[in-house]
Amino acid sequence: MSLYVTELRRLAKRRLTRVMLVLLVLGLTGIVTAFTFSSHKLSPAVIAQAQAESDANFRDAVKDWERSIVECDAAKARGEQTEDRYGPNCGRDWQPTADMFDPKWNLPYQFDFRGEFGVFIAVFAGAVALFAFLIGASFVGAEWSSGGMMNLLLWRPKRLTVLGTKLAAVLTMLTGVTMVLGALWTLAFWLIGSYRGTTAKVTSGVWQSAGISGLRALGLILAVGAVAFALASLGRHTAMALGVAVGVGVVSEIGIRIAMAIAGVRFGDRWVLSTYALAWFQKQWTLIDYRSCEFAQGECTPKEMLVTWQDSALVFGIGTAVVLVAAFWMMRRRDVT
């Protein structure tokens, strides 16, 4: 039996892998269930009811306006000051109109597959990326901390081959899990749109865009899994990857933002990882520098900086490559006894 098949089976049979997979499926199922019950099909009866509520609100507003004018006139007759309370001309110039009461405001939420599914692809990617991080880190981290890596190297002394095979097993499993759950995720929201929402204007271009977003999600998930694997291998423990992840998150999302704000750096968020994650899924992300405007001198169009998905690919690609190269270099150089 090949080492790759063996590692793949070991990974699939690990208790943590199965537990985390069950939790992932339960979490995704919970999201689907919540949106199934929160979305409502906008039938003609529902739209008619919303229109009736809007008309009723308009009539009530007109009655209140007319009553206010009568009260204002009466107050004026008594010699009272009315402008502060009722406005100039007793508010006669503020008559409510029907267009102020849009029936859409009374409609229940309806899931729009075309307009909203892209957001749920990002939600799916975030959930699976967390799964990928834990699985990737724990798989090799447990091998180092338990001594299993040393025992395996006695049987297969080729260090880089062993580490590369383990990484390949992790990436293969993550690809399979992402593809299967991603297909079920798409089907679930398509059914929500069909029976509890709307699938209007879903063209081949929309599906193509969703497919490209899905590939981006897969790329991010594999990168997260690979980085977690490499960090745990570098530190010979799962906690190494978890500690670095927490540290990078705190430094990037909090420390850098504070430091950039104090230093007055323009477009400081370009140094924050979440900016590139947003650009990766949204294809581009615009940073706005409001400090470039002097609002006291009138209107101003603030300066903007565009971060594209290509920028994100460069940042994440280089980061992943650096960590992986360091892990394999250390595997070759270090004493593994």
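**Exercise 1.** Decide whether Phe111 and Phe113 are buried or exposed, then describe how their rings pair.

*Solution.* 
Step 1. Recall the cut-offs: buried means under 20% relative accessible area, exposed over 50%, and partly exposed in between (1.4 Å probe, protein chains only).
Step 2. Both Phe111 and Phe113 are buried.
Step 3. Count the aromatic pairs. A search of the whole structure gives 16 of them. Rings of Phe, Tyr and Trp (its six-membered ring) pair if their centres lie within 6.5 Å; planes under 30 degrees apart are stacked, over 60 edge-to-face, and the rest tilted.
Step 4. Take Phe35 and Tyr109. Their centres are 6.3 Å apart, with 65° between the planes, and the pair is edge-to-face.
Step 5. Now take Phe111 and Phe113. This pair is also edge-to-face, at 6.4 Å centre to centre and 90° between the planes.

The model is predicted: local features need pLDDT of at least 70, side-chain atom pairs count only at pLDDT 80 or more, and totals for chains, interfaces and linings use all residues. Residues are numbered from 1 along each chain as its sequence is written, and side-chain values use heavy atoms, leaving out hydrogens and water.

**Exercise 2.** Explain why the pair of Phe35 and Tyr109 ties together parts that are apart in sequence.

*Solution.* 
Step 1. Know the elements: helices (H or I, at least four residues) and strands (E, at least two) are DSSP runs, numbered from the N terminus.
Step 2. Phe35 lies in helix H2 (residues 15-38), and Tyr109 in the loop between helix H4 (83-86) and helix H5 (113-146), so the pair links parts 74 residues apart in sequence.
Step 3. Phe35 has 25% relative accessibility and counts as partly exposed. Tyr109, at 31%, also counts as partly exposed.
Step 4. Look at the cluster. Phe35, Tyr109, Phe111 and Phe113 belong to one aromatic cluster, whose members include Trp185 and Trp207.

**Exercise 3.** Describe how helices H7 and H11 pack.

*Solution.* 
Step 1. Two packed helices are described by the angle between their axes and the distance between the axes.
Step 2. H7 (residues 159-195) and H11 (residues 309-333) pack at about 145°, with axes 9 Å apart. Axes are lines fitted to C-alpha atoms, for helices over the stretch in contact; angles run from 0 to 180 degrees between N-to-C directions.
Step 3. The crossing is right-handed. A crossing is left-handed if the near helix is turned anticlockwise from the far one by less than a right angle, and right-handed if clockwise.
Step 4. List some contacts (heavy atoms within 4.5 Å). Among the H7 residues are Leu160 and Gly164; among those they meet in H11 are Leu324 and Phe328.

**Exercise 4.** Where is Thr198, and what does Thr198 touch?

*Solution.* 
Step 1. Thr198 is in the loop between H7 and helix H8 (204-235).
Step 2. At 18% relative accessibility, Thr198 counts as buried.
Step 3. Leave out residues up to four places away in sequence: Thr198 then touches Lys41, Gln110, Phe111, Asp112, Phe113 and Gly193.

**Exercise 5.** Which phi values do Lys201 and Phe267 have?

*Solution.* 
Step 1. Most residues other than glycine have a negative phi.
Step 2. Lys201 has a positive phi, near 60°. Lys201 lies in the loop between H7 and H8 and is exposed, with a relative accessible area of 68%.
Step 3. Phe267 has a positive phi, near 55°. Phe267 lies in the loop between helix H9 (238-263) and helix H10 (273-282). At 17% relative accessibility, Phe267 counts as buried.
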